[in-house]
Amino acid sequence: MSELSNDLILFNELVEVLLNEEALNPVAKRIDAAALYSTIDLSLNNSAMVDGAFKEVLKEVLIATPKTATSLFFNQLFGGRQSKAVLGDLLAVLLNNSMYTYKVAGPQVGIEQEIIRKSCEMIGYGSKSNGTFPTGGSMSNYMALIMARDAKDSDCRHSGVTKPLVMYTSKESHYSNAKNASFAGIGRKNVRYIDTDSRGKMIPSQLETQIKIDIQDGFTPIFVNATAGTTVLGAFDPIDEIATIAEKYNIWLHVDGAYCGSVMFSKTKKHLLKGVERSDSFSYNAHKMIGTPLTCSVILVNDKKQLHDSFSNEADYLYQTDGDDFNLGKTSFQCGRRNDALKFWTLWKSVGTNGLERIVNTQFELADVARNYVANHPDYTLYSFEDSISVCFNYKGINPKTLCTLLYEHQITVVGFGAFNEEEFIRLVTINATNSSKDILNFFKVLEQFVEENASVLEAVC
Ligand SMILES: *Cc1c(COP(=O)(O)O)cnc(C)c1O
């Protein structure tokens, strides 16, 4: 038997261990960071490890690693496990292609392009559109910013930034915008954070006021970032109104849909993206709402020339056959690039677009269950709104940071906290579409039970 066949037998054995563990202990037993190296033997040594010991240490690592696929993980903007996507990712690892050329990726190029083509069609981009799979939502935002910069001043690519550039995003937008401004030579100080309304959406009139001030002051506005699903509240900026302003001042409009751009798959929720077809670029993370393994991020551009202009570079040693449409390295940030498309394609192919719609709709239904529960129980205070899969609340006035940390340390459930307008709260994200209403109600049950049983601990720390 080949070494790989043997290792796949071991793999299956480890999968059983993991699945069993997830069922028995949905929240992994936490190892104190200070005790990590003395608890599991992570050391790398000169001598080889014998097979039996190797298997044991792998099991230890699996058991101790936080469980993100279980029904008690609500901490981040991902969770659960879509089996057909896992299958696709396992195959991608075995195939081990790099996506830069048709010569080494073959049909995988078509798989990536089909996802991009279909996505462009669904958001209403025209025949000149295209896109790529960056390393994540932060990188998608960065690529959009670079295209915006180059679109305004094509000489920038050769001579560097020569004008005082400014960009716009809301106060509730993702922190990558600040980092990206620094990477792009714009500078963190030249990011204008536009106020949001009481529901966390950018206020378009404030955007226009700020643009006018900046033009007056001699700045060159290059980029507006609208967010489709803000990181804390899951709010959708009014894209249509923002597009009117971006068009008026000839500024690149990017829609950051890393968190909730996947509402494009839902007939009942895609109105939240109204106006997205007027944007210059749009990104979404399939590893968030769609539930593929990390990472699976897509950026779409209305005019593929912009992507090519900013990211292509001649490289004769690389591009030896086939046309640009098949040599995806001409429109990517990286050179060698792992295949993030196959896992999304295997899922999409197997469940159809209707299946993706169900995945998205389920998350909103679960959020309704959670929001209704919070709204109807007087011990809770609700801070979030409809049309969002982030349900933000406090329980019995308990400090949310304290409660979240204790729930995690006691292996009860893994959930995070956030803040909006000076208020801090627990943020429950119903992004795991494999959960049922029962799982959501169970979350509240275990939380309440914990508070009841630990009243004295909570009093002591609060
Ligand atoms: C998650 C998120 C990002 C960053 O995506 P990564 O893939 O984690 O880099 C950007 N914007 C928003 C709104 C997000 O929720």
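Guide: This is a predicted model, and its domain assignment divides the chain into domain 1 (3–64), domain 2 (98–341) and domain 3 (347–461). The C-alpha centres of domain 1 and domain 2 are 39 Å apart.

The open sheet is built from 5 strands in the order E1-E11-E12-E10-E9, with mixed pairing. Its edges are strand E1 (73–74) and strand E9 (380–382), and because each of these has a single partner strand, one side of each is left without a neighbour in the sheet.

Helix H14 (residues 341–376) lies across E9, E10 and strand E12 (423–429), and runs at about 125 degrees to E9. Helix H16 (residues 437–453) also packs on the sheet, where it touches E1, E9, E10, strand E11 (414–420) and E12, its direction making about 20 degrees with that of E10.

The largest nonpolar core has 83 residues, of which Phe-282, Phe-344, Phe-444 and Leu-447 touch the most other members. H14 supplies the largest share of this core, 14 residues. Since domain 2 (98–341) and domain 3 (347–461) both give residues to the core, it lies between them. The surroundings of Phe-344 can be listed in detail: leaving aside residues up to four places away in sequence, Phe-344 touches Ile-115, Phe-265, Tyr-284, Ala-286, Ile-290, Thr-292, Cys-296, Val-298 and Leu-356.

The side chains of Asp-89 and Arg-338 meet in a salt bridge, with an N to O distance of 3.3 Å. This pair links distant parts of the chain, as Asp-89 belongs to helix H4 (residues 83–95) and Arg-338 to the loop between helix H13 (304–311) and H14, 249 residues apart. Asp-89 counts as buried because its relative accessibility is 11%, whereas Arg-338, at 40%, counts as partly exposed. Both belong to a network of salt bridges that links Asp-89, Arg-338, Asp-340 and Lys-343, and the search of the whole structure finds 25 salt bridges.

Terms used: Residues numbered from 1 in each chain as written. Predicted model: local features only at pLDDT ≥ 70, side-chain atom pairs only at ≥ 80, totals over all residues. Heavy atoms only, no water. Domains from an automatic or database assignment. Pairing = 2+ DSSP bridges. Helix = DSSP H or I, 4+ residues; strand = E, 2+ residues; numbered from the N terminus. Contact = heavy atoms within 4.5 Å. Axes fitted to C-alpha atoms, helices over the stretch in contact; angles between N-to-C directions. Core = buried A, V, L, I, M, F, W, Y, C linked by side-chain atoms within 4.5 Å. Buried < 20%, exposed > 50% of the residue type's maximum accessible area, 1.4 Å probe, protein only. Salt bridge = Lys/Arg side-chain N within 4 Å of Asp/Glu carboxyl O.
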